[in-house]
Amino acid sequence: MDHRETRKPRLFRFLRLPPPAMFRVVMLLAALSPALAAAAGEPEGLMLKRDGEWVATLAMDTTVDMQVRGLLAEVSVRQTYRNDSSQWREGRYLLPLPENAAVGALTLRVGERLIEGEIREKEEARAVYEAAAAAGQRASLVSQNRPNLFQTAVANIGPGEEVEIEVRYWQPVAFRDGVFSLHLPLTLTPRYLPAPSPETAFAAWNTGGAEAVPEALPAAMAGEDAGAALPPTVALTAEIEPGLPLQRLDSPTHAVTVSAEGPTYRVVLAHLVEAGDREFELRWEPVPSEAPRSAVFTDRVGGEDFALLMLVPPTLPVAPLPRELVLVIDNSGSMSGASMQQAIEAADQALARLRPGDRFNVVRFDNTFERLFEAPVAAEPGNVARARAFVRSLQAEGGTEMLPALRAAFAGEPAPGFLRQVVLATDAAVGNEDELLALIESERGDARLFPVGIGSAPNGHFLRKAAEAGRGTQTLVRDVNEVAAKMDALLAKLDRPAMRDISVDWPGAADAYPARVPDLYQGEALQVVARVDRLSGVATVRGLTPQPWVRRVPLGSESATPAPGIGRLWARARIDGLEDEIRRGGDLERLRPAVVDVALRHGLVSTYTSLVAVDRTPARPREESLGSTRMLNATPDGSLAFAQGSTGWTRELMLALALALGGALLLRTRG
């Protein structure tokens with residue numbers, strides 16, 4: 001079934017934004033216009049000024065369609081570029097996606113023609129795209145900057161023309177605390193890249209090459225770059241077949257409308273169209289008596305068998321260990337606004353929950369770092385009060401130099417008999433993820449790391465990998481109203497892993513991921529994806545709870561559910577594992593071809609492969625030049641930071657948009 005929204009003019013879609021979202025846009029544009037005008041050169045963006053008149057240029061809208069079957073989601077992201085200028089255009093966009101997304105399909109639609117994308121090695125795909133762009137052919141490219149950050153480009157969009165691209169990916173559904181969930185980042189917080197040496201003691205945002213900075217987004221025709229356009233709006237639908245009765249289905253991030261048709265639940269945004277300024281999350285909770293304890297989903301691709309195993313271990317009471325808690329708080333500039341308030345509340349909640357006999361310390365960082373105490377101290381009332389006052393005084397400013405702060409948190413040995421637990425509150429707006437993960441793996445010792453993702457657009461890739469490397473678990477806090485409940489749940493888990501020393505024995509040979517199964521904490525489920533010799537017999541799961549525990553899960557067709565797409569999830573996990581080896585200094589000459597082989601066989605975008613689609617019929621006349629426009633990502637909701645590239649807008653443009661949207665808001669309110 002095709003649930004595409006009927007195409008509407010871009011202004012119409014802005015008019016359908018809910019009044020609070022429209023008000024935020026109007027106020028932000030009005031407030032920023034003087035500062036942006038000071039930094040502006042020639043007019044750029046949604047409109048250009050030619051011969052004294054404003055002329056519309058390039059616009060883009062995004063439509064997302066989610067199809068969920070059990071533990072597997074197939075997601076389509078459609079981007080419709082519309083060129084309202086008289087010039088041929090190229091559109092470019094940074095596309096944030098889930099950190100475990102297996103991106104494996106691209107189509108380019110021009111009128112009634114549909115061109116399927118092909119997977120190529122990255123350099124080859126880019127060369128094909130640039131050659132097509134130069135030859136006047138319509139073309140599209142999807143490449144990876146980071147595992148959760150991609151870039152799309154569309155060349156040769158003719159005057160008055162609409163061109164649509166569709167990117168598809170597959171993603172596992174999460175299950176935690178008895179609730180299934182699926183998320184999609186709709187924007188990103190700009191990443192900070194630390195200086196390469198002490199002599200250059202600052203780092204600029206959005207500088208350097210595409211390989212160095214995840215936000216770099218070069219034009220195919222660099223000499224014809226014509227500025228940036230406003231962020232796209234987003235329409236979203238989801239169809240969910242959970243396979244069991246539900247007692248609740250909702251979104252903690254957006255207002256949604258839910259309807260049921262037999263075993264299928266249909267979800268749409270209540271306002272139909274939203275600003276893409278925060279992550280979207282969907283959660284569904286089964287009726288308690290129907291909550292699963294284990295499930296197996298299988299797939300067969302190219303003569304190979306794949307399985308996804310989910311298991312919920314028992315939760316047994318365990319005596320809490322003596323705790324040495326180190327709170328690491330990000331107070332860098334990207335945390336400005338609601339994110340800083342959330343981080344302060346989260347840290348304060350953790351301090352308030354310290355038990356008699358605990359030890360603790362607080363470390364804060366921006367482009368410098370500071371330890372409150374020289375070493376962890378006893379959780380006595382005076383020390384706790386001093387720490388809470390220190391946390392309340394923090395302000396967001398400066399760069400995101402996380403490395404020295406983490407090194408300080410791991411330094412030294414905990415007091416005898418204590419387990420050190422490091423809680424990191426951050427939006428993770430970092431560009432040096434590999435360096436940070438290497439530090440966590442090499443210097444944490446026996447400590448456990450618990451990342452707390454702050455804000456409406458945290459860096460999910462780093463948070464997940466940091467939790468894995470730190471043998472902890474991650475938590476997301478998107479709203480101040482969630483802080484107490486989220487931190488209470490996290491702190492209750494810190495001392496009580498539900499299962500450790502976990503292993504999975506498959507019948508016959510198997511290549512399973514994660515290769516090293518992490519400890520599970522209360523309420524978490526084990527999820528392992530494997531390529532197996534045969535889909536028969538049983539998989540045996542062993543662990544300590546703290547007593548030895550064994551569970552046998554049948555893999556046969558009578559117990560497993562077929563789910564096309566599991567093979568892609570395995571391939572994404574395999575690539576992730578190979579790239580971890582590269583990050584740790586493995587043999588690049590051996591590992592790079594292995595990544596390319598898996599990506600090409602399964603048709604996936606990776607560090608070394610991209611998707612490219614080319615309409616072989618030239619469209620742009622040779623005498624016409626090609627201009628390039630970058631579509632901006634929205635400023636994350638609650639953040640005071642600019643959207644990337646926004647400093648190119650002029651005061652006139654900002655005021656014009658503010659007045660237009662203000663008038664639209666007034667009409668909406670009166671209507």
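Trainee: Which residue does Ile454 stand opposite in S28?

Mentor: Ile454 stands opposite Val477. Bear in mind that this is a predicted model.

Trainee: What makes S27 and strand S28 (residues 475–477) a pair?

Mentor: Pairing asks for at least two bridges. S27 and S28 have three, in the parallel sense, so the two strands qualify as a pair. The chain gets from S27 to S28 through helix H8 (residues 460–469), in a right-handed β-α-β crossover.

Trainee: Why is strand S27 (residues 448–454) called mostly covered?

Mentor: A residue is buried if its relative accessible area is under 20%. In S27, seven of its seven residues are buried, so the label follows from that cut-off. Arg448, Phe450, Val452 and Ile454 point one way, Leu449, Pro451 and Gly453 the other way, and all are buried. Side chains in a regular strand alternate between the two faces of the sheet.

Trainee: On to the helices. At what angle do helix H4 (residues 338–352) and helix H5 (residues 381–392) cross?

Mentor: Their axes cross at roughly 175° and come within 9 Å. Angles over 145 degrees count as roughly antiparallel, so H4 is roughly antiparallel to H5. The H4 side of the contact is Ile344, Glu345, Ala347, Asp348, Leu351 and Ala352, and H5 brings Val384, Ala387, Arg388, Val391 and Arg392.

Trainee: What classes of residue make up that contact of H4 with H5?

Mentor: There are seven nonpolar and four charged residues, and no polar ones.

Trainee: What is the strand order in the open sheet of four strands?

Mentor: The order is S31-S29-S33-S34, with antiparallel pairing. S31 (520–521) and S34 (548–554) each have a single partner strand, so they stand at the edges, and one side of each lacks a neighbour in the sheet.

Trainee: What makes strand S33 (residues 538–544) a partner of S34?

Mentor: S33 and S34 are joined by seven bridges in the antiparallel sense. At least two are required, so they count as paired. Arg542, for example, stands opposite Val550 in S34.

Technical notes. Residues are numbered from 1 along each chain as its sequence is written. This is a predicted model: local features need pLDDT of at least 70, side-chain atom pairs count only at pLDDT 80 or more; totals for chains, interfaces and linings use all residues. Side-chain values use heavy atoms; hydrogens and water are left out. Helices (H or I, at least four residues) and strands (E, at least two) are DSSP runs, numbered from the N terminus. Axes are lines fitted to C-alpha atoms, for helices over the stretch in contact, and angles run from 0 to 180 degrees between N-to-C directions. Angles under 35 degrees count as roughly parallel, over 145 as roughly antiparallel, 65 to 115 as roughly perpendicular and the rest as oblique. Contact means heavy atoms within 4.5 Å. Ala, Val, Leu, Ile, Met, Phe, Trp, Tyr, Cys and Pro count as nonpolar, Asp, Glu, Lys and Arg as charged, and the others, Gly among them, as polar. Buried means under 20% relative accessible area, exposed over 50%, partly exposed in between (1.4 Å probe, protein chains only). A crossover is right-handed if, with the strands pointing away from the viewer, the path from the first strand over the helix to the second runs clockwise.
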